[in-house]
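Dear colleague,

Please find the structure below, together with a short account of what was found in it.

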Amino acid sequence: MTIALVGGAVALAPAATAVGQSACRSAIYNLPGHINANNVNLRSGPGTSYSSKGLLSKGTSLTWICYKPGTATTSAWDYVKIKSGIHKGTYGWVSARYWD
């Protein structure tokens, strides 16, 4: 994708493609949980390079489906289904530190 500007063009990197349950590296759990902070991004894939599907409020209930473990330099990410609030029914990824 490029955007033409007066006097030139700027190339933009494409956004990371959405990733579902196929990125999990665990069994399927289907356990209940809640978001433990405000303004938590529900992402389209396991990492901050993926687009946000929206922000979740503290107390939003979810079903934890599976996870992708972190490494020495990356956080663990969990694939969830949102059970309450404006994103109810939406699947996405949440950083493991933002729910319990």
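Leaving aside its neighbours within four places in sequence, which residues is Lys-68 in contact with? They are Ala-23, Arg-25, Pro-46, Ala-76, Trp-77 and Trp-93, where contact means heavy atoms within 4.5 Å.

This is a predicted model, in which local features need pLDDT of at least 70 and side-chain atom pairs count only at pLDDT 80 or more, while totals for chains, interfaces and linings use all residues. Residues are numbered from 1 along each chain as its sequence is written, and side-chain values use heavy atoms, with hydrogens and water left out.

Lys-68 belongs to strand β6 (strands are DSSP runs of E, at least two residues, numbered from the N terminus). With 31% relative accessibility, Lys-68 is classed as partly exposed (buried means under 20% relative accessible area, exposed over 50%, partly exposed in between; 1.4 Å probe, protein chains only). Its C-alpha atom is separated by 4.9 Å from that of Cys-24, 44 residues apart along the chain.

Aromatic pairs follow. The whole structure holds six of them (rings of Phe, Tyr and Trp, the last by its six-membered ring, with centres within 6.5 Å; planes under 30 degrees apart count as stacked, over 60 as edge-to-face, the rest as tilted). Tyr-29 and Trp-64 are stacked, because their ring centres are 4.4 Å apart and their planes at 5°. Tyr-29 lies in the loop between β2 (8-11) and β3 (31-34) and Trp-64 in strand β6, so this pair ties together parts 35 residues apart in sequence. Trp-64 is buried at 13% relative accessibility, whereas Tyr-29 is partly exposed at 34%. Tyr-29, Trp-64, Tyr-67 and Trp-99 form one aromatic cluster.

With kind regards

Methods
Helices (H or I, at least four residues) and strands (E, at least two) are DSSP runs, numbered from the N terminus.
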